[in-house]
Amino acid sequence: MKKDATEQQIQHAVDEVARAGLRTDVSRGQYLTIIGLIGDETRVDFTHLAALPGVKEARMIQAPYKLINREYSSAYGETGTRVVKVGDVQFGAPEPVFIAGPCAVENRDDLFRIAEQCKGAGAHILRGGVFKPRSSVHSFQGLGSAGHDEAIEALTWLREAGRTFGMPVVTEVRGEAQVDLVAEFVDIIQIGARNMYDQDLLQTAARKKLPVMFKRHFGASVEEFLCFAEYIAAEGNKDIILCERGIVPMGKGKNYTRYMLDLAAVPVVQKETFLPIIVDPSHATGRRDLIRSMSLASIAAGAAGLMIEVHDRPEDARCDASQMIQPSELKEIIAAARQLRMIALK
């Protein structure tokens with residue numbers, strides 16, 4: 001829209017798009033208002049739109065992920081990375097964000113003990129799985145899978161631990177039926193890699209208006225990853241935290257790491273979109289001895305933060321014991337990562 005476009009002219013343009021059967025995303029910058037189209041743009045007459053009162057220009061953005069595209073955001077003055085705020089924590093700010101905690105919430109005492117140590121190590125956000133997607137039906141599925149009461153109890157522990165130690169909390173939703181319940185207890189809703197393609201789940205989670213952590217599927221291209229992130233943005237929720245967590249390795253690579261961490265995806269995503277992207281080295285490597293090096297490599301690549309699985313007694317954990325590090329190791333990684341980021345910013 002033109003710089004001096006009136007509210008009536010903006011609404012008229014929105015109504016004209018609606019007449020063609022499409023939805024709109026209205027973004028207001030300091031100088032310009034941009035109306036993004038959501039739906040099949042071939043149904044719209046762009047020549048007609050360009051002639052409407054108050055319209056400066058009407059054109060297609062070629063990338064299939066239009067609403068989170070840098071070309072789209074820069075048009076109304078947003079040239080940097082979007083800062084997603086979670087309480088006092090800011091994803092996309094110069095300071096990297098550190099998310100830490102056990103793979104799964106197993107009992108209250110362990111969770112509170114680990115949370116306190118993660119906070120002491122410098123972590124900002126507490127993680128812990130209540131509903132665990134697993135490859136085998138015989139594996140531990142998380143306390144939430146035992147029943148509704150057990151899920152509420154585990155989520156209550158997670159929320160209480162976060163509040164006790166001043167940390168926002170994040171946990172994964174495994175399906176649409178869990179979204180309403182989980183949203184009552186957490187500060188960030190996590191969509192795991194296995195559910196990256198679940199459009200209905202993405203839309204349902206987006207409508208809760210909480211920040212969404214969106215993990216890349218282990219077989220997805222970068223373009224697919226961003227295209228499905230667009231489903232969240234299309235529901236009016238652009239508080240999206242992207243997460244790179246590794247892709248399926250080829251050949252004998254699978255004998256050495258759980259997945260192959262695609263660090264090139266970090267700067268590529270930052271060029272394509274304004275959304276912040278973090279890295280999960282725990283799931284990417286599956287090995288605690290690789291967490292430090294891959295964490296620092298991620299920060300060097302420009303990641304906005306890290307999500308690391310931590311347990312002070314990993315041998316007692318019911319899942320992912322091999323990839324969880326000690327709180328003392330987390331402290332060393334956070335200190336080194338902060339130094340690395342300071343050097344990069346000079």
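**Pockets and aromatic contacts in a predicted model**

Mentor: In this predicted model, about 510 Å³ of space lies in the largest pocket.

Trainee: Which element supplies the largest share of the lining of the largest pocket?

Mentor: The lining has 25 residues, with Ile34, Ile35, Glu57, Ala58 and Arg59 nearest the pocket centre. By class, 17 are nonpolar, two polar and six charged. At least two lining residues come from each of α1 (7–19), β2 (33–38), α2 (46–50) and α3 (70–75). The largest share, five residues, is from β2.

Trainee: How much space lies in the largest cavity?

Mentor: The count comes to one cavity of 30 Å³ or more. Of the 13 residues lining the largest cavity, Pro102, Ala104, Glu106, Ile114 and His311 are the closest to its centre. Nine of the lining residues are nonpolar, two polar and two charged. The space in the largest cavity is about 70 Å³.

Trainee: Why are the rings of Phe214 and Phe225 classed as they are?

Mentor: Phe214 belongs to strand β9 (residues 212–215) and Phe225 to helix α8 (residues 222–233), eleven residues apart. Their ring centres lie 5.5 Å apart. Planes under 30 degrees apart count as stacked. The planes here are at 20°, so the pair is stacked.

Trainee: Are Phe214 and Phe225 buried or exposed?

Mentor: Buried means under 20% relative accessible area. Phe214 has 0%, and Phe225 has 1%. Therefore Phe214 is buried, and Phe225 is buried.

Trainee: Which ring does the charged end of Arg108 sit over?

Mentor: The charged end is 4.0 Å from the ring centre. The cut-off for this distance is within 6 Å. The ring is that of Phe112.

Note on methods:
Residues numbered from 1 in each chain as written. Predicted model: local features only at pLDDT ≥ 70, side-chain atom pairs only at ≥ 80, totals over all residues. Heavy atoms only, no water. 1 Å grid on protein atoms, 1.4 Å probe; cavity = no way out; pocket = protein on both sides within 12 Å on 5 of 7 lines; lining within 4 Å. Points joined across faces, edges and corners; volume = space filled by probe spheres on them. Nonpolar A, V, L, I, M, F, W, Y, C, P; charged D, E, K, R; others polar. Helix = DSSP H or I, 4+ residues; strand = E, 2+ residues; numbered from the N terminus. Phe/Tyr/Trp six-rings, centres within 6.5 Å; stacked < 30°, edge-to-face > 60°. Buried < 20%, exposed > 50% of the residue type's maximum accessible area, 1.4 Å probe, protein only. Lys NZ or Arg CZ within 6 Å of the ring centre and 35° of its normal.
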